[in-house]
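Subject: Structure handover

Hello,

The structure you asked about is below. My notes on what turned up in it follow.

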Amino acid sequence: MIHNKKEFTGGIVLIVAFFVVLIAMFQPIFDGHNAMGYLDNLYNSISKGSAYYVDNLKEEAKTVSGYQVNVTMKMENETQAADSVALIAATGATATAEGKDLTIAGDYFAILSAILDDADRMYHNDGAALKAKYPAFQSKDDRQALYNWSTILAGFDKELKEQKAFAEAKVAFNINSKVVETAYNYYSVVPEQIRDKAGIVIFSLVFYVVYTMWYGFGILFIFEGWGLKISGH
């Protein structure tokens, strides 16, 4: 027997409507994506838009202007070491590869500036620019040159610390973690500022709270209408 038909019916309506909306959210009706995919892309775009540090790191790189670097680092494989010679040569510095070992000598600031310029292009999803700049990478993944730069920066960080050049090593670490890795991980994502998407962001957060409560009240009304109650006795 139904204890309260009105309340029970209201709960059924809420639950049915809940699942109708849920099914709709799984349809590709939001710019070709379902609701979850659309919001995932949106929040990735906003996250990328708030993670642009190229200008800040260009200023930090100036603190090592005039420093001449001379290090030998271990790359991941022989191919990466050989390909990286072309990257270094484009900066005006010199590099030689022997097996996995890459030896780099030259103007540290010029190398870091080139890395920042390349990362800036990739942040703006211009992988074609790097392929045009480095012919050796034309047949490779768009992000390969940037991946090599990341490995080189990690090598600078390690080897310069061993040379007690801690300030110079820190600049390499910061450029890698704040600029190069960001550009690599967010490649192909279009950056957005949260102020430009404030409406949809607020709506999505409010909807999440309301939708969760919607389901809870639906269940509550069904059981209360059915006559089931929680009692401490």
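Helix α2 (35-49) has 15 residues and reaches 21 Å from its first C-alpha to its last, close to the 21 Å expected at 1.5 Å a residue. The expected span of a helix is taken as 1.5 Å times one less than its number of residues. Helices here are DSSP runs (H or I, at least four residues), numbered from the N terminus.

This is a predicted model, in which local features need pLDDT of at least 70 and side-chain atom pairs count only at pLDDT 80 or more, while totals for chains, interfaces and linings use all residues. Residues are numbered from 1 along each chain as its sequence is written, and side-chain values use heavy atoms, with hydrogens and water left out.

Back to α2. Its buried residues are A35, L42, S45, I46, K48 and G49. Viewed down the axis of α2, these buried residues fall within an arc of 165 degrees, so they line one face of the helix. Buried means under 20% relative accessible area, exposed over 50%, and partly exposed in between (1.4 Å probe, protein chains only); the arc is that of the directions from the helix axis to the C-beta atoms. The partners of the buried α2 residues are α1, α5 (108-123) and α9, with contact meaning heavy atoms within 4.5 Å.

Helix α2 also takes part in the largest pocket. The elements that give two or more residues to its lining are α1 (5-25), α2 and α9 (198-226). The space in this pocket comes to about 360 Å³. Its lining has 15 residues, and M25, A35, L39, F203 and F207 lie nearest the centre. Helix α9 gives the most, with seven residues. By type, the lining divides into 14 nonpolar, one polar and no charged.

The pocket terms are as follows. On a 1 Å grid over the protein atoms alone, a pocket is an open set of points where a 1.4 Å probe fits, with protein on both sides within 12 Å along at least five of seven lines; lining residues have an atom within 4 Å of a point. Grid points are joined across faces, edges and corners, and the volume is the space filled by probe spheres set on the points. Ala, Val, Leu, Ile, Met, Phe, Trp, Tyr, Cys and Pro count as nonpolar, Asp, Glu, Lys and Arg as charged, and the others, Gly among them, as polar.

Next, the loop between α8 (166-185) and α9, where E192 is placed. E192 counts as partly exposed, at 24% relative accessibility. Leaving aside neighbours within four places in sequence, E192 is in contact with S45, I46, G49 and K197. The C-alpha atoms of E192 and L42 are separated by 8.0 Å, although the two residues are 150 residues apart along the chain.

I194 is found in the loop between α8 and α9 and is partly exposed, with a relative accessible area of 47%. Not counting residues up to four places away in sequence, I194 touches I46 and V201.

S188 is found in the loop between α8 and α9 and is exposed, with a relative accessible area of 54%. Its phi is near 85 degrees, a positive value in a residue other than glycine. Most residues other than glycine have a negative phi. K164, in the loop between α7 and α8, is not a glycine either and has a positive phi of about 65 degrees.

S150 has its place in α7 and counts as buried, at 18% relative accessibility. Leaving aside neighbours within four places in sequence, S150 is in contact with N176, V180 and E181.

Last, α3 and α5. In α3 (residues 54-61), V54, L57 and A61 are buried. Seen down the axis of α3, they fall within an arc of 65 degrees, so they line one face of the helix. These residues pack against α5 and α8. In α5 lies A114, which is buried, with a relative accessible area of 11%.

Regards
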